[in-house]
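The following note sets out numbered points for a colleague who will examine the coordinates.

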Amino acid sequence: MKNNKTKIMGIINANEDSFFKNSRFYGSSAVLKIEQMINDGADIIDLGGVSSRPGSLAVSEEEELSRVKPIIDLIYEEKLYENVRFSLDSYAAKVLDYALSKGFSIVNDITGLENDAVCKVASKYDAQVVIMHMQNNPQNMQQSPQYENVVFDIDKFFKERVEKAKSFGINDIILDVGIGFGKNLEHNLTLIKNLGYFSHFGFELLIAASRKSMINSIVESSPQERLPGTLAIHLESIKNGASIVRCHDVKEHFQAIQVQEAINSVEIL
């Protein structure tokens with residue numbers, strides 16, 4: 001089902017309100033963490049300046065840029081983009097334009113290319129684009145989300161947004177079902193179980209459930225206590241077709257994935 005090498009995308013947040021406080025870094029401390037993630041086995045680093053947790057509020061493009069610019073500048077000065085690929089978790093065209101001009105090569109858009117301006121910027125730099133599904137917006141997405149059929153509904157969304165991307169000349173695409181973005185526990189579990197369904201698009205699938213509240217819905221736990229649940233979800237998702245794992249804990253994921261691959265390399269008698 002999955003032919004691509006599994007890649008680890010490490011999370012760096014440059015804001016005060018991301019739900020997992022241990023992912024928040026600023027300036028040179030962010031660069032030290034990035035270097036550690038690279039050493040721990042990260043293939044991609046995903047930088048974000050705005051929280052998208054349930055109930056979070058949007059900020060201006062100027063504010064977002066002021067948060068991420070010092071880190072982007074240090075990444076560029078130290079040429080870290082030569083060691084690992086960099087992604088910007090943003091749907092602000094101005095901020096994405098700046099990052100892509102400074103060595104970044106991936107647009108991670110939680111709105112799934114809703115904004116034409118983002119499409120134009122991605123096309124301008126020939127960037128790879130993550131199209132994520134979200135029902136409604138971060139302010140209200142977890143208020144009784146409903147679907148006729150969560151898999152078919154998201155499949156229809158992907159079809160429409162892939163066509164939009166291609167109309168702007170964007171062909172290098174990753175799909176993300178958006179765990180926790182306008183989904184209840186049953187929706188999330190159904191999507192994880194049926195990830196392979198979306199492989200018909202021919203694009204890599206990204207899974208991003210790191211320390212999310214769906215784990216708390218199964219076993220009561222704080223974000224700090226959810227690494228075991230995260231690994232369980234991500235390993236199952238890899239088995240079901242995901243080839244990119246977005247996570248806070250790179251070293252632990254690297255070890256778990258290496259062990260999983262070693263097991264899978266042995267044939268059943």
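1. Cysteine 119 counts as buried because its relative accessibility is 0%, where buried means under 20% relative accessible area, exposed over 50% and partly exposed in between (1.4 Å probe, protein chains only). Cysteine 247, at 0% relative accessibility, is likewise classed as buried. The structure holds zero disulfides, a disulfide being a pair of cysteine sulfur atoms within 2.5 Å.

2. This is a predicted model, in which local features need pLDDT of at least 70 and side-chain atom pairs count only at pLDDT 80 or more, while totals for chains, interfaces and linings use all residues. Residues are numbered from 1 along each chain as its sequence is written, and side-chain values use heavy atoms, with hydrogens and water left out.

3. Strand β6 spans residues 173-176; helices (H or I, at least four residues) and strands (E, at least two) are DSSP runs, numbered from the N terminus. Both faces of β6 are covered: Ile173 and Leu175 are buried on one side, and Ile174 and Asp176 are buried on the other.

4. Which strands pair with β6? Strand β5 (residues 128-132) runs parallel to β6 and is joined to it by four bridges, two strands being paired if DSSP finds at least two bridges between them. Within this pairing, methionine 132 stands opposite aspartate 176. Strand β7 (residues 204-207) also runs parallel to β6, with three bridges joining the two. Here leucine 205 in β7 is the bridge partner of leucine 175.

5. Rings of Phe, Tyr and Trp (its six-membered ring) pair if their centres lie within 6.5 Å; planes under 30 degrees apart count as stacked, over 60 as edge-to-face and the rest as tilted. By this rule there are seven aromatic pairs. One of them, tyrosine 76 with tyrosine 81, is stacked, at 5.7 Å centre to centre and 20° between the planes. Tyrosine 76 is partly exposed at 34% relative accessibility, and tyrosine 81 is partly exposed at 28%.

6. The rings of phenylalanine 152 and tyrosine 197 have their centres 5.7 Å apart and their planes at 45°, so this pair is tilted. The pair links distant parts of the chain, 45 residues apart: phenylalanine 152 lies in helix α5 (residues 150-167), and tyrosine 197 in the loop between α6 and β7. Tyrosine 197 is partly exposed, with a relative accessible area of 37%. Both residues belong to one aromatic cluster, together with Phe157, Phe158, Phe198 and Phe201.

7. Aspartate 46 is placed in strand β2 (residues 44-48) and is buried, with a relative accessible area of 0%. Its side chain makes a polar contact of 3.1 Å with the side chain of asparagine 108. A polar contact is a pair of N or O atoms within 3.5 Å; within protein, one must be able to donate a hydrogen and the other to accept it, and residues adjacent in sequence count only if both atoms are side-chain atoms. Not counting residues up to four places away in sequence, aspartate 46 touches several residues, among them Met9, Ser87, Asp89 and Arg246, where contact means heavy atoms within 4.5 Å.
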